[in-house]
Every structure is written in C-alpha cells, then in structure tokens.
Number of protein chains: 2
Amino acid sequence: MATPRPGGRTARTKAQAFEAAAALLAERDAADIAMTDIAGRAGVAATSLYRRWGDVRSLLTEMAVERLMEDSPLPDTGSLEGDLRTWGRTVAQSLCSREGSAFFRILIATAPTEDADRVGRITALGPRIQQIYDLITRALERGEPAPGVMDVTDYLLAPIYVRALFGVPADQSVADRLVDRLLAMAKAGQLVSAPP
Amino acid sequence: MATPRPGGRTARTKAQAFEAAAALLAERDAADIAMTDIAGRAGVAATSLYRRWGDVRSLLTEMAVERLMEDSPLPDTGSLEGDLRTWGRTVAQSLCSREGSAFFRILIATAPTEDADRVGRITALGPRIQQIYDLITRALERGEPAPGVMDVTDYLLAPIYVRALFGVPADQSVADRLVDRLLAMAKAGQLVSAPP
DNA sequence: GAACTAATGCAAATTATTTTGCGTTAAGGA
DNA sequence: TCCTTAACGCAAAATAATTTGCATTAGTTC
C-alpha cells in the first residue's frame, strides 16, 4: 500500500523549497524564476521539486497561499467597528508590503483561466471572504447592524487589493478611512444587511 | 541613418502576432504560451518575434495594453452621473468578459516588481486614472460637485477590478449600483471634493 | 532494530527554448 | 525607377528546461 510520509525529510524539503522560492521572489520577478534556481538555493535536487510540484507555477502558488494565510488572523474586539478596523489594518499591512504584494500577484498570475479554475481563482479570495463572513455573523449575533459580505469586499477589501496590485502605498490611515466610510454607509441604510 | 519603417510589412507582422497571441490567450493560460506557438499561429518566423519583443512576456503585455485601450472610450453625456454610469458599465463589461479578464491579468502578472517598475505597474492603471481625472474635471468645470480621483478609484474601479480578477460576474446592474452609492456618498459630503 | 518503500539525489537522455549567421524581401527616400 | 537597408525567414548552433533510470537515504510500521 502507498503509505504517505509527511514526516521529517519531506517536510524539511518543502520548507527549504518554500523558503528559497520566497527569497527569490523578493529579489526578482516571478517569470524569471526557474525550478533550477529554487533547487539551487534550497540545496535540493531539481528532480525532487519536479516530481512533487510538476512545475514552478504550482510550487510558487502553493507557497504564496501558505504564506498569505499565516498573516492577518481574525480579531475579536467585541464590536464590529473594532473588528473591521483591526482586520483592515492587518490586511493592508500584509498585502502592501513588498513581500505580500508579490505573493498576492503570484496568486492572480498563476490562477488558471479555464472553467474548472473559477474554483481556483476564488481560492485566493475565499479565505478572506470567510473571515468577512465570520466578522459579520458575530456582529449580527450581538444584535449590531452590519453590512453584507459583498459590501465589505467592495468597499474595504477591493480598494486595498487594488493598492497592493498597483503599488500604491496603503498605511493604517487609509484602512481606517475605508472602514469609517463603510460603517457610515451601513448606518445610513445604504447597504443591504442580510442575515446569514 | 536608421530610418524606421512602421509601414506595410512591419505593421502586418505585428497585427498577425497580436491576433495570434490574443487567440492563444483565449484558449489557454498565459504561462503555457511559448513564442514558438505565437509564431506558428501567426505564420511568422519565431526569430522575428524574438528580435522585436525579446520574450513572450513583452509581446503579451504590449498586446494586452493595446487591446484594453481600444475598449471603454471616455463618454460625454453632459452630467457626471451620466458619464460615470456609462463609463462604469463599459469598463465592467470590458474587464469581466473572458477576454478582458485574461488581458487584465496579464498586465498584473507581467508587471515588474522592481523599483523602476512602479512606473510600469501604474501604466496599467494609469490610462483609466486619466479618464477618471478627465470626467471629474469636466464636472467641476460645469459647476457640479464631484468626488476625488482616488474616491472613484476606490469605490467604482476597485470593485470592478476585483470582480474581474477573481471571476465574479459583473453586469450593468452591479456597475450601476456602485455608481449610485458613489454619488450618494459624494452628495452626503463624505468624499473630499478636490479641484484639480 | 529489521523490513519495506516513499522520497530523494545524481547523471544521462530528451525535449524545448533562444540565439546566431546569412541570404532574401520589401519599405521609404532620392 | 533605383538604391539603401530595416525587417524578415530559414537553418544550424547553443542554451536551457524537463524527463527518465537507477542507486541511495531515511520515515514508518511491525
């Protein structure tokens, strides 16, 4: 039978490969990174990488997803405003750093275009959507009025994403302003407040 | 002296190459397109393409920029609301089509990460920013109150871009709703109205 | 700690990509 | 029309990327 071995050596190889990939991505463009380069810096045979990931794209994508998820955990401040503010700042800081921006762009660049891919593309957006959903659900459970998931996506996440993609700096004040306006719109009753 | 020859044959080669590139991009992922493939479909020698564009990335980028600019011309309806609505619909339709989405992702994927690049990355965003600027300037000259360029970017362009990138469909009603809320915010005085 | 085998490394073979040299075609100006 | 030469096509050479076969290492189970 085929018994998988996630232990010791395998995990070490993956860690080395991901670290090398991240380092290379920090110094040059994704399109200029070859499997050979990653193998060389990681101190690993290129054959191993080919056998495990098939091609550079897959390796880079997997690495980027893993790294991006490590950042921006879900806060719990007790109020929607506090949660959104904290989360917005974290996301902005994570994505607009040089590293975060590169990871994010990798996800978009490598997302397949085909039909089955829609799932793949949403994968990149998905986890954050889930976080938004959780924040809103908690607010509604507390009895607070809250905007819909798509509203938060449109008016908080999207502006941050666009800044990250195009290299426009986004500090805390930018995130704060976005949150302020989102909440103002929600209070003015302009956004749909759909309970889960 | 080196006299450039943009005429006949040169233009034809470029047109054939771009058409082939666009066709290939419609059926497979950008990373799976080789210079050889484009040359083959275009009925052109690969050497010519290498000599002119250097690599596949440059060719695809140049093509995508050209094609994206052909769409979404600047409207002039006489009112800011009308202009924004028309323009928003056009941009949404252009970017969220299968083809437009692929072109747009190419721009982001191939934009260099380095320092000098900031210019390069903004290139993709730039033309639309200019359009926004023009719309707003016209409105202010008519005496209409108008939001700032970054406001339109954040609340109209960014949501559309994010939908395009992640494959979320965006029809006219989505664009219309975004415009409505943007204008509502502007009227409520929440947005900075900075004259040029 | 011995047997089993997934995962790795290494070298050679294979395939794909990119460059180079040179003859040919055709645009642009006289 | 004729001349000049930019842009092209073709074939061969040079590089780079990927695959394959086999020996070796080291988790995992018993």
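Trainee: Of the residues of chain A, what percentage count as buried?

Mentor: For chain A it's 46% of the 196 residues. Keep in mind that this is a predicted model.

Trainee: And what is chain A built from, how many helices and how many strands?

Mentor: There are nine helices and zero strands in chain A. Reading from the N terminus, the elements go α-α-α-α-α-α-α-α-α.

Trainee: What share of the chain A contacts with a separation of 6 or more comes from residues 24 or more positions apart?

Mentor: That share is 68% in chain A.

Trainee: Let's get specific. Where does Asp154(A) lie?

Mentor: Asp154(A) sits in helix H8 of chain A, which covers residues 149–166.

Trainee: Buried or exposed, that Asp154(A)?

Mentor: Asp154(A) has 4% relative accessibility, and the cut-off for buried is under 20%, so Asp154(A) counts as buried.

Trainee: Which side chain does the Asp154(A) side chain join in a polar contact?

Mentor: The partner is Arg163(B), and the polar contact between the two side chains is 2.7 Å.

Trainee: What else is Asp154(A) in contact with, leaving aside neighbours within four places in sequence?

Mentor: From chain A there's Pro159(A). From chain B, Asp154(A) meets Asp154(B), Pro159(B), Arg163(B) and Leu178(B).

Trainee: New topic: Ser101(A). Which helix is Ser101(A) found in?

Mentor: Ser101(A) belongs to H6 of chain A, residues 98–110. At 7% relative accessibility, Ser101(A) is another one that counts as buried.

Trainee: What does the side chain of Ser101(A) reach?

Mentor: The backbone oxygen of Ala164(A), at 3.1 Å.

Trainee: Over to chain B. At what angle do H6 and H8 of chain B pack?

Mentor: About 100 degrees, with the axes of the two helices 9 Å apart. That makes H6(B) roughly perpendicular to H8(B).

Trainee: Which residues meet there?

Mentor: H6(B) brings Ser101(B), Phe104(B), Arg105(B) and Ile108(B), and they meet Tyr161(B), Ala164(B) and Leu165(B) of H8(B). Sorted by class, the contact of H6(B) with H8(B) has five nonpolar residues, one polar and one charged.

Trainee: How about H5(B) and H6(B), at what angle do they cross?

Mentor: Roughly 80 degrees, and their axes come within 4 Å. H5(B) and H6(B) are therefore roughly perpendicular to each other. On the H5(B) side the contact is made by Ser94(B), Leu95(B) and Cys96(B), and on the H6(B) side by Arg98(B), Gly100(B), Ser101(B) and Phe104(B). By class, that contact of H5(B) with H6(B) comes to three nonpolar, three polar and one charged.

Trainee: You mentioned a cysteine. How many disulfides does a search of the whole structure find?

Mentor: Zero, over all chains. As for Cys96(A), it is partly exposed, with a relative accessible area of 25%. Cys96(B) is partly exposed too, with a relative accessible area of 25%.

Trainee: One more in chain B: what does the Arg41(B) side chain make a polar contact with?

Mentor: With the side chain of Glu27(B), at 2.8 Å. Arg41(B) lies in helix H2 of chain B, residues 35–42, and is partly exposed at a relative accessible area of 43%.

Trainee: What else is Arg41(B) in contact with, leaving aside the neighbours within four places?

Mentor: Besides Glu27(B), Arg41(B) is in contact with Ala20(B), Ala23(B) and Leu24(B). Ala20(B) is 21 residues away from Arg41(B) along the chain, and their C-alpha atoms are separated by 5.7 Å.

Trainee: Last one, a glycine. Where does Gly148(A) lie?

Mentor: In the loop between helix H7 (117–141) and H8 of chain A. Gly148(A) counts as buried at 13% relative accessibility. C-alpha to C-alpha, Gly148(A) and Ile132(A) are 9.0 Å apart, and in sequence they are 16 residues apart.

Conventions
Residues are numbered from 1 along each chain as its sequence is written. Chains are lettered from A and ligands numbered from 1 in the order in which they are written. This is a predicted model: local features need pLDDT of at least 70, side-chain atom pairs count only at pLDDT 80 or more; totals for chains, interfaces and linings use all residues. Side-chain values use heavy atoms; hydrogens and water are left out. Axes are lines fitted to C-alpha atoms, for helices over the stretch in contact, and angles run from 0 to 180 degrees between N-to-C directions. Angles under 35 degrees count as roughly parallel, over 145 as roughly antiparallel, 65 to 115 as roughly perpendicular and the rest as oblique. Contact means heavy atoms within 4.5 Å. Ala, Val, Leu, Ile, Met, Phe, Trp, Tyr, Cys and Pro count as nonpolar, Asp, Glu, Lys and Arg as charged, and the others, Gly among them, as polar. Buried means under 20% relative accessible area, exposed over 50%, partly exposed in between (1.4 Å probe, protein chains only). A polar contact is a pair of N or O atoms within 3.5 Å; within protein, one must be able to donate a hydrogen and the other to accept it, and residues adjacent in sequence count only if both atoms are side-chain atoms. A disulfide is a pair of cysteine sulfur atoms within 2.5 Å.
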